[in-house]
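Good morning. I will go through some side-chain contacts and one hairpin, and then stop.

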Amino acid sequence: MAIDTVLWSRLVTGLTLAFHVIFATIGVGVPLMIAIAEFIGIRKKDYHYILMAKRWARGFVISVAVGVVTGTAISLQLALVWPNFMKLAGNVIALPLFMEVFAFFFEAIFLGIYLYTWDRFKNRYIHWLLTIPIVAGAGMSAVFITTVNGFMNQPGGFVMEAGQFTAVDPVQAMLNTATFSKVFHVLSSAYLTAAAMLAGIAAFAMLRKGVSAYHKKALNLMMAVVLLFGLLNTLAGDVSAKFLAEHQPEKLAAAEWHFETESSADLVLMGWLNAEHEILGAIHLPKLLSFLAFGDFNAEVKGLEEFPKDEWPPLLVHYLFDFMAGIGFTLLAVSLLYFLFLFWKKRNELNKWMLRMIALSAPLAFLAVEMGWFYAEVGRQPWIIRGYMRVEEAATTSPNVKVLFYVFLLLYIVLGITCVVVLRRLFNNNPAEVEMEKWLKEKSNHSEGDPA
Amino acid sequence: MSYELIGISVLWLFLYGYLIVASIDFGAGFFAFYARLTKQDHLINRLISRYLSPVWEITNVFFVFFYIGIVGFFPDTAYYYGSALLVPGSIAIILLAIRGSFYAFENYGSKKSIVYLFLYGATGLLIPASLSVALTLSEGGFIKEQGGAVTLDYWTLFTNPLSWSIVGLAIVSVLFISSSFLVFYASRAEDHSALKLLRNYALFWSTPTIILALTAFIYLGQHNERHFQNMMDLWWLLALSVALFMIAMWLLFNGRRYGLAFICVMLQFFCAFFAYGIGQYPYILDPYITIQSSATSPAMGLALVVVFIGGLLLLIPSLILVFKLFLFDADYVKGKK
């Protein structure tokens with residue numbers, strides 16, 4: 001029975017986080033895109049970019065609403081579903097949680113102002129300046145909350161005494177060894193995903209209704225951002241792998257099905273395991289795991305067998321890792337191809353297949369975010385605070401948690417579907433070109449032709 | 001002053017802040033729905049959404065802020081309240097989720113739907129009811145700790161008149177606070193038809209508010225003698241609260257100085273809320289958690305206080321900016337911007 005409640009607790013939390021992370025990623029990434037578009041629009045006096053910022057912001061609020069409510073849900077569930085965890089760790093992680101709320105508060109205030117002051121300032125840059133606290137607030141909340149996750153992976157900044165954390169140093173707990181690589185990877189992937197999403201939307205619109213100036217500009221801009229953050233994200237992934245090799249070797253070993261410690265270890269792609277833990281049907285890339293882990297083709301990589309078996313992460317995480325990394329490289333390749341076509345005049349960068357690939361990149365990017373988080377979280381099993389508290393010690397004892405799983409599942413299905421329906425209605429009934437014309441007509445009626 | 005005392009005072013202040021802003025929000029949702037049902041929505045809905053749209057997210061943060069703060073300063077609360085409140089807390093989460101997202105769907109989406117408005121209005125009354133359960137629990141006698149497991153005694157909770165009077169008080173206070181704020185907002189907007197309607201709402205909801213406040217107080221006396229006595233020692237705060245209520249009623253009834261009337265309502269609840277809070281000292285959960293026993297480590301307490309001050313330096317100017325732009329900018333309120 002005890003095991004059952006634990007599993008249900010994990011499922012409730014996993015469900016909420018999996019749903020929240022979609023909107024959280026949009027929430028962190030999209031403000032930067034809005035800020036870039038508005039800035040270029042003012043700078044170039046090009047209405048298309050300002051319209052872009054406006055339309056993105058309009059869709060953004062809807063997704064922020066769902067992000068806010070699911071974020072509230074997860075923060076409350078921390079104590080409701082994991083009371084023992086919060087009792088113990090609350091002493092150490094309260095600071096970043098508190099700071100996260102501040103960042104969120106800051107963002108909420110300025111988002112409200114931003115949305116309702118589009119035409120209130122004579123100098124358009126003043127309105128643009130409002131995006132800075134929004135981008136910063138969104139980014140900082142991601143940073144703070146990621147330090148909490150970093151702490152759960154690499155606990156530090158305290159002394160364990162009789163089952164209690166004492167001599168707490170909250171700042172040191174925040175700046176644990178996992179924090180840098182995690183924050184870097186979370187931010188770069190959020191910006192990458194948001195840009196891939198907006199590029200995908202533009203590509204999708206052009207596939208359906210033909211090429212238009214507005215969508216072409218949006219696609220160009222977002223593909224540039226995809227390229228930039230695709231590169232940064234690859235770097236972040238590399239930093240994360242090197243971090244794992246050094247500090248959490250069991251997680252990396254589980255991801256790579258690397259059982260025996262050896263030098264010049266192979267990187268294993270896909271495949272499956274038989275009962276004796278032999279790898280079948282996989283592609284082996286010689287020596288690459290050693291390179292990924294330590295930047296040296298001949299380095300020794302610790303294998304899973306060095307760890308007690310009851311501390312092994314589930315071996316399924318191998319697939320999560322492979323898909324995440326695979327999608328990351330795909331996104332990068334698509335953006336490279338796009339710019340290759342753009343500059344190499346013989347090819348049309350807006351051909352059907354290119355657009356289809358870009359449109360497909362959007363859901364793939366979100367899939368990669370999910371896979372990455374599942375890898376990070378499932379790969380830390382059986383620990384909730386690695387080395388200090390196991391998941392089953394932390395969960396609630398209430399049997400009601402099973403029912404709640406279904407209730408929350410229903411809630412998220414309803415919210416997800418309604419959100420998509422509302423967003424579709426918002427944009428389908430009001431295409432960019434129509435809105436542009438209407439807007440220009442209004443402007444000329446007011447005889448204020450100057451956009452800046 | 002020790003940091004745990006600073007902590008609880010600040011948190012109580014924030015809970016009070018949430019009480020006011022959330023009441024305005026929750027009540028406005030209900031009034032918007034009620035007005036649509038009685039075909040009076042053309043009078044007030046635009047006014048309500050003009051105020052709420054830029055600030056609804058801020059309201060939500062107040063709540064998370066209080067919650068994270070109390071878990072941070074007093075981690076033991078997470079254990080007791082977390083274990084006991086799994087079901088009522090989850091219900092509150094679901095209601096908050098429905099409310100927040102359907103507000104956005106209704107107001108920023110393209111189609112105005114009565115279903116969305118209903119969800120928004122109904123949850124506005126159910127959320128205060130579900131959240132007030134936490135206040136009831138703090139009085140003790142509803143939570144049992146046996147063999148390392150904390151459980152909530154639902155039977156005692158549902159059969160106790162105290163819990164129902166607190167729920168009732170929460171709901172009517174929400175409607176009273178909200179309507180007295182909206183009266184003020186309508187008067188700033190010089191929207192006379194809305195003003196008339198909302199003034200009727202405010203006058204109507206004042207009576208049940210004061211009656212249920214007294215009822216809850218009496219049942220508190222039967223349930224928790226210590227808390228009741230402590231509050232009686234603070235009789236002057238309670239008397240002040242009643243006096244402020246009278247002034248607010250007089251102003252509303254005579255139909256002038258609506259801003260002052262709303263300030264009186266705010267102060268009325270401030271006095272009562274702090275009398276209640278100070279009377280509960282030193283318990284956070286009678287008899288399991290006291291402020292001293294459950295405080296976080298001194299280093300963390302200090303860090304939280306420091307961050308708190310830093311955060312306020314950032315937030316207060318921002319909040320002032322919001323108020324200037326959306327509350328005290330007469331042109332915006334009137335719908336000209």
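What follows covers aromatic rings, charges over rings, a surface patch, a hairpin and salt bridges.

First, the conventions. This is a predicted model, in which local features need pLDDT of at least 70, side-chain atom pairs count only at pLDDT 80 or more, and totals for chains, interfaces and linings use all residues. Residues are numbered from 1 along each chain as its sequence is written, chains are lettered from A and ligands numbered from 1 in the order in which they are written, and side-chain values use heavy atoms, with hydrogens and water left out.

Let me start with the rings. Rings of Phe, Tyr and Trp (its six-membered ring) pair if their centres lie within 6.5 Å; planes under 30 degrees apart are stacked, over 60 edge-to-face, and the rest tilted. By that rule there are 48 aromatic pairs over all chains. One of them is A:Trp8 with A:Tyr406, a tilted pair with 5.7 Å between centres and 55° between planes. A:Trp8 is in helix α1 (residues 2-44) of chain A and A:Tyr406 in helix α14 (residues 401-428) of chain A, so the pair ties together parts 398 residues apart in sequence. Helices here are DSSP runs of H or I with at least four residues, strands are runs of E with at least two, and both are numbered from the N terminus.

A:Trp8 is buried at 18%, and A:Tyr406 is partly exposed at 46%.

The second pair is A:Phe106 with A:Phe110. Their centres are 5.2 Å apart and their planes at 70°, so this pair is edge-to-face. Both residues lie in helix α3 (residues 83-115) of chain A, four residues apart, which is about one helical turn. A:Phe106 is buried at 17%, as is A:Phe110 at 10%.

Ring pairs also link residues of both chains: A:Phe98, A:Phe102, A:Phe105, B:Phe14, B:Phe65 and B:Phe308 form a cluster.

Next, charges over rings, where NZ of Lys or CZ of Arg must be within 6 Å of the ring centre and within 35 degrees of the ring normal. A:Lys87 places its charged end over the ring of B:Tyr79, 4.5 Å from the centre.

Now the hairpin in chain B. Strands β1 (residues 143-146) and β2 (residues 149-152) run antiparallel and are joined by four bridges; strands pair if DSSP finds at least two bridges. B:Ile143 stands opposite B:Leu152. Two residues lie between the strands, and B:Gly147 has a positive phi near 50°.

Last, salt bridges: a side-chain nitrogen of Lys or Arg within 4 Å of a carboxyl oxygen of Asp or Glu. How many are there over all chains? The count is four. Among them is A:Asp46 with A:Lys217, at 2.7 Å between the closest N and O atoms. This pair links distant parts of the chain, 171 residues apart. A:Asp46 is buried at 15%, whereas A:Lys217 is partly exposed at 23%.

In chain B, B:Arg99 and B:Asp25 meet at 2.9 Å, N to O. B:Arg99 lies in helix α4 (residues 86-108) and B:Asp25 in helix α1 (residues 3-37), 74 residues apart. B:Arg99 is buried at 3%, and B:Asp25 is buried at 6%.

How values were computed
Buried < 20%, exposed > 50% of the residue type's maximum accessible area, 1.4 Å probe, protein only.
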